[in-house]
Amino acid sequence: MGVLVGVFFLFFVPLLILSEKQEIIMESYVLTKTAYLVEHIRSNGYVSKEMYEQYTKQLAFTGYLYEIEMEHQQVVYDLEEASQSYVKRYENNYEEDIQEVLFHGIGRYEMKRGDFFFIKVTSKTKGIGDKMRSYFLLPIQRMPAIQVELGGMIRDETTGL
């Protein structure tokens, strides 16, 4: 029994630690690529089909499958008739709306200064560490191996509008 426990700690624990580190490295890579895309979008005020395809190719390099959710919050001003003043509100466009413009429309989704853009990336693939934990340890339900959320206000610095 002692030999089995020793073998477990000698081989499987280091593998588990290495797999955890690999997931941390992959999450760092996804975070870096996502931050670059988001800053480019916020600076330029648009997302193009080419930008999105290049981003998904970079994520595919990791070997994981991802769910990508984009959200655009557009500032809209409505006239309130009773007080004759304008009320600020946000209209949201989600992944389906943005992809419709990118892949079935003009290939470029435009945003205005002051709007907000957010992107959330979640891995759908279980990492090696999750698989090892489920085989050898208690099958605990965990967060996805990689989860990144970034976004912010559109600055549109290139056109100055």
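The following legends describe close-up views of a predicted model.

**View 1. The chain as a whole contains four helices and six strands.** Read along the sequence, these elements follow the pattern α-β-α-β-β-α-β-β-α-β. Of the 161 residues of the chain, 34% count as buried. The accessible surface comes to about 10500 Å², and 61% of this area belongs to carbon and sulfur atoms. Among contacts between residues at least 6 apart in sequence, 75% join residues at least 24 apart.

**View 2. Four strands form an open sheet in the order β3-β2-β5-β6.** The pairing in this sheet is antiparallel. Its edge strands are β3 (85-94) and β6 (147-153), each of which pairs on one side only. On average, neighbouring strands of the sheet are turned by 15° against each other, direction ignored. In general, strands of a sheet pair through backbone hydrogen bonds, either parallel or antiparallel.

**View 3. Strands β2 and β3 pair in the antiparallel sense.** Strand β2 covers residues 66-80, and its pairing with β3 extends over 10 bridges. Within this pairing, Val75 stands opposite Tyr90 in β3.

**View 4. Helices α2 and α3 are shown with strands of the sheet.** Helix α2, made of residues 49-60, packs on the sheet and touches β2 and β5 (116-123). The direction of helix α2 makes about 145° with that of β2. Helix α3, made of residues 95-104, lies across β2, β3 and β5. Helix α3 runs at about 95° to β2.

**View 5. Tyr29 and Phe61 form one of the five aromatic pairs counted in the model.** A pair of aromatic rings is described by the distance of the centres and the angle of the planes. The ring centres of Tyr29 and Phe61 are 6.0 Å apart and their planes stand at 50°, so the pair is tilted. This pair links distant parts of the chain, as the two residues are 32 residues apart. Tyr29 belongs to helix α1 (residues 2-44), whereas Phe61 lies in the loop between α2 and β2. Tyr29 has a relative accessible area of 24% and is therefore partly exposed. Phe61 has a relative accessibility of 68%, so this residue counts as exposed.

**View 6. Phe116 and Phe118 form a stacked pair of rings.** The centres of these two rings are 6.2 Å apart. Their planes stand at 5°, which is under the 30 degrees required for stacking, so the pair is stacked. Phe116 counts as buried because its relative accessibility is 19%, a value under the limit of 20%. Phe118, with a relative accessible area of 29%, is partly exposed. Together with Tyr90, Phe116 and Phe118 form one aromatic cluster. Tyr90 is also the residue that Val75 stands opposite in β3.

**View 7. Arg108 is shown with Tyr46 and Glu50.** Arg108 lies over the face of Tyr46, at 3.5 Å from the ring centre. Glu50 and Arg108 are 58 residues apart in sequence. In space, the distance between these two residues is 8.8 Å, C-alpha to C-alpha.

Methods: Residues are numbered from 1 along each chain as its sequence is written. This is a predicted model: local features need pLDDT of at least 70, side-chain atom pairs count only at pLDDT 80 or more; totals for chains, interfaces and linings use all residues. Side-chain values use heavy atoms; hydrogens and water are left out. Two strands pair if DSSP finds at least two bridges between them. Axes are lines fitted to C-alpha atoms, for helices over the stretch in contact, and angles run from 0 to 180 degrees between N-to-C directions. Contact means heavy atoms within 4.5 Å. Buried means under 20% relative accessible area, exposed over 50%, partly exposed in between (1.4 Å probe, protein chains only). Accessible areas come from the Shrake-Rupley method with a 1.4 Å probe; for residues, only the protein chains shown count as cover. Rings of Phe, Tyr and Trp (its six-membered ring) pair if their centres lie within 6.5 Å; planes under 30 degrees apart count as stacked, over 60 as edge-to-face and the rest as tilted. A charge sits over a ring if NZ of Lys or CZ of Arg is within 6 Å of the ring centre and within 35 degrees of the ring normal.
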